[in-house]
Amino acid sequence: MHSTATPTHCPYCALQCGMNVRPGDGGEVPVVEGRAEFPVNRGALCGKGQSAGAVLSSRVRLTAPLVRGSVTGQLEPATWEAALDAVAEGLARTRTAHGPDACGVFGGGGLTNEKAYALGKFARIAMGTSQIDYNGRFCMSSAAAANQKAFGLDRGLPFPLEDIPQTDCVILVGSNLAETMPPALRYLTELKARDGKLIVIDPRRTRTADQADLHLAPRPGTDLALALGMLHLVVAEGRVDEAYVRERTSGWEETRAAAMAHWPEYVERVTGVPLPQLRAAVRMFADAEHAMILTARGPEQQSKGTDTVGAWINLALATGRPGRPLSGYGCLTGQGNGQGGREHGQKADQLPGYRKLTDPAARAHVAEVWGVDPDSLPGPGRSAYELLDALGQDVKALLLMGSNPVVSAPRAAHIEDRIRSLDFLAVADVVLSETAELADVVLPVTQWAEETGTTTNLEGRVLLRRRALTPPDGVRTDLQVMHELAARLSDDGLEKKFPTDPAEVFDELRRASAGGPADYSGITYERLADGDGVFWPCPAETGETRETGKTGEAGDADKTGEAGDAGEGTPRLFLDRFATPDGRARFVPVSHRPAAEEPDAEYPVHLTTGRVVAQYQSGAQTRRVPELNKAAPGPFVELHPRLATRLGIAEGDDVAVVSRRGRAVAPARLTTTIRPDTVFMPFHWPGAGRANTLTNPALDPTSRMPEFKVCAVRLERSA
């Protein structure tokens with residue numbers, strides 16, 4: 001007899017596909033099935049989602065704490081009491097000797113809203129440190145910064161996914177949906193079935209680009225010039241929506257002047273995109289009654305990512321798209337809780353509700369919820385890469401939850417050295433990742449179907465992930481870990497401020513977010529359990545729209561969205577006004593500039609990186625699933641046959657890819673679907689084929705995003 005299935009959501013990407021999970025019959029691997037009634041995936045699951053239960057097998061996941069032995073120097077099983085004592089002692093010792101900012105905290109975009117919220121709170125009031133950031137800085141931060149500049153609010157998609165097939169044209173910039181979030185590809189195929197047009201911009205002809213009516217393949221790092229060239233043509237051809245620009249925007253004249261400096265012939269030379277293709281893209285987009293621009297990591301993971309996304313937003317604004325039905329700009333968030341994870345306080349400069357840590361009103365509000373003095377809250381700390389780069393120097397101890405920077409950080413060999421130089425490292429994770437292998441203490445924690453919590457998907461839809469399975473006896477939740485550590489770091493009952501019940505934590509998060517840009521105060525577990533999620537902002541428990549004003553000035557507000565059905569929250573933003581003080585969207589003038597590192601005689605080829613369909617992020621979990629490893633067993637170097645011939649490289653040859661930061665070796669994979677001046681490597685693997693050994697940590701000045709997507713390399717045949 002089958003046990004009862006529990007409706008919940010996938011642990012992987014930001015679609016947060018609905019699934020039913022039940023314990024396996026006669027075995028320990030749980031059974032996972034797609035949930036047909038959930039509107040985002042409608043029952044479809046990718047291979048990662050279908051096999052997600054395998055990671056929870058006791059043969060794969062951690063089931064007991066590990067502490068590094070003083071004699072053996074190896075990680076050895078320990079009791080929870082001993083492990084927690086060791087973590088508290090390591091943090092307290094560092095704090096006493098070097099001050100609170102010598103202790104750092106590094107979180108993850110896969111943590112639930114409750115855990116992300118509690119982690120930011122823990123860093124600031126239990127550890128007293130400003131040094132907290134998370135791996136989501138490496139994913140969506142440039143789009144978030146551009147959204148804030150243009151619209152006054154950052155929600156990845158300001159409309160639900162269901163709107164995409166109903167529009168008339170989509171420009172998809174730097175996204176390979178077919179491999180990164182396969183169930184979402186149906187939205188593009190449905191668009192085309194309605195005779196809608198799809199323009200894909202990617203230096204590779206990916207499986208997603210195969211669906212396109214028009215594929216533009218710019219040189220890596222030139223997306224900014226491409227967007228400016230298209231805007232130039234929109235102006236030159238008289239395609240600007242003058243009434244929209246006049247009534248709903250500000251800053252157009254300066255932006256227009258900046259775009260007109262980017263002549264189409266110059267853009268063709270910089271990007272390598274032929275001018276006829278550029279003109280065709282402008283016609284296809286501007287002639288559509290309804291149209292959208294969607295960006296992903298391609299334009300965002302650059303040292304000019306904020307300006308690049310801003311240029312695509314400018315194109316959308318000039319043609320009158322944002323804030324109109326079935327139109328607009330959106331960012332395709334990547335990580336499972338990449339949206340919620342960037343809203344509630346685990347970022348270096350942020351407080352819950354997407355409040356700014358430097359805003360006195362925000363500090364006062366959150367401090368009141370937390371029961372502390374606003375002046376006791378630390379100021380902003382280092383961004384993710386800067387925090388990792390400071391390890392072993394200014395930051396001597398680190399508590400890390402749900403991240404694997406040994407594989408995922410840029411200039412990874414250097415970051416691995418920095419992690420090894422720490423006085424103390426504690427890692428809480430479900431598996432023994434490459435970063436956990438370096439820790440002094442490893443804490444086995446629950447994940448996904450073993451715990452209840454909320455996530456927020458790429459639409460801004462807050463979802464309830466229900467606990468479907470009983471975790472092993474030796475495993476605890478991250479909330480329990482923070483509760484126990486707070487008790488050990490203070491003798492005044494500080495642990496009472498860190499409840500272990502996720503529902504209690506969420507209720508506090510609601511209060512902390514109330515009145516902020518990302519207002520969850522009207523969302524409850526009961527509302528989430530009754531439907532298919534609630535779109536933030538949602539300040540009232542009746543499904544009303546959020547009244548958004550400036551952070552800390554909730555009383556000076558106007559509507560920025562349209563309410564959905566009762567209980568839905570705000571599915572569509574900006575239909576009446578934008579979340580800026582005057583209600584207008586802001587054009588931000590930008591100009592093209594080269595990547596931080598361009599090819600030269602010594603390093604003559606571009607490297608770009610990305611994902612494959614059967615692996616996820618650093619691969620810490622997916623590389624433990626046999627069927628996924630069979631589909632994607634290891635790293636590779638994708639290059640054009642013309643480049644391969646010039647270098648004497650054949651299919652399957654081991655190729656050394658060398659940058660100024662290091663060397664990676666992987667088999668050659670020859671294909672005509674990539675530019676001849678560019679090579680591609682997936683970044684899921686450690687060891688000799690670690691792609692992020694090569695990548696450039698040059699940072700965007702606004703978002704502090706590293707330049708993962710473009711650097712200069714040379715190729716050598718490897719003996």
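Me: Which helix does T306 lie in?
Reply: Happy to start there, and please keep in mind that this is a predicted model. The helix in question spans residues 305-318. T306 therefore falls within its range, and the cutoff for a helix is at least four residues. The helix that holds T306 is α13.

Me: Is T306 buried or exposed?
Reply: The relative accessibility of T306 is 2%. Buried means under 20%, so T306 counts as buried.

Me: Which residues does T306 touch, not counting residues up to four places away in sequence?
Reply: Good follow-up! Residues up to four places away in sequence are left out here. What remains for T306 is S142, A145, A146, K149, D700, T702 and S703.

Me: Which strands does α13 lie across?
Reply: Helix α13, the one with T306, runs at about 175° to β12. Along with β12, the strands it lies across include β9, at residues 197-201.

Me: What is the order of the strands in the open sheet of five strands?
Reply: The pairing in this sheet is parallel. Its edge strands are β10 (214-216) and β13 (328-331), each of which pairs on one side only. From one strand to the next, the twist averages 15°. Read across, the order is β10-β9-β8-β12-β13.

Me: In β12, what is the bridge partner of I171?
Reply: Strand β8 covers residues 169-173, and strand β12 covers residues 291-295. These two strands run parallel and are joined by five bridges. Across from I171, the partner in β12 is I293.

Me: Which strands stand at the edges of the open sheet of seven strands, each with a single partner strand?
Reply: This sheet has mixed pairing and the order β5-β4-β18-β17-β16-β6-β7. An edge strand here has a single partner, so one side of it is left without a neighbour in the sheet. Neighbouring strands are turned by 15° against each other on average, direction ignored. The edge strands are β5 (75-77) and β7 (132-134).

Me: Which residue in β5 does R68 stand opposite?
Reply: Strand β4 takes in residues 66-68. It pairs with β5 in the antiparallel sense, over three bridges. Opposite R68 stands L75.

Me: At about what angle does helix α2 run to β18?
Reply: Helix α2 is made of residues 80-98. It lies across β4, β6 (103-107), β16 (397-401), β17 (424-429) and β18 (441-444). Its angle to β18 is about 130°.

Me: Which residues lie nearest the centre of the second largest pocket?
Reply: Let's move on to the open spaces. The second largest pocket holds about 270 Å³ of space. Its lining divides into eight nonpolar, four polar and eight charged residues. Of the 20 lining residues, those nearest the centre are E179, R204, F636, E638 and R669.

Me: How many residues of the lining of the second largest cavity are nonpolar?
Reply: This lining also has six polar residues and four charged ones. The nonpolar residues number 12.

Note on methods:
Residues are numbered from 1 along each chain as its sequence is written. This is a predicted model: local features need pLDDT of at least 70, side-chain atom pairs count only at pLDDT 80 or more; totals for chains, interfaces and linings use all residues. Side-chain values use heavy atoms; hydrogens and water are left out. Two strands pair if DSSP finds at least two bridges between them. Axes are lines fitted to C-alpha atoms, for helices over the stretch in contact, and angles run from 0 to 180 degrees between N-to-C directions. Contact means heavy atoms within 4.5 Å. Buried means under 20% relative accessible area, exposed over 50%, partly exposed in between (1.4 Å probe, protein chains only). On a 1 Å grid over the protein atoms alone, a cavity is a set of points where a 1.4 Å probe fits but cannot get out, and a pocket is an open set with protein on both sides within 12 Å along at least five of seven lines; lining residues have an atom within 4 Å of a point. Grid points are joined across faces, edges and corners, and a volume is the space filled by probe spheres set on the points. Ala, Val, Leu, Ile, Met, Phe, Trp, Tyr, Cys and Pro count as nonpolar, Asp, Glu, Lys and Arg as charged, and the others, Gly among them, as polar.
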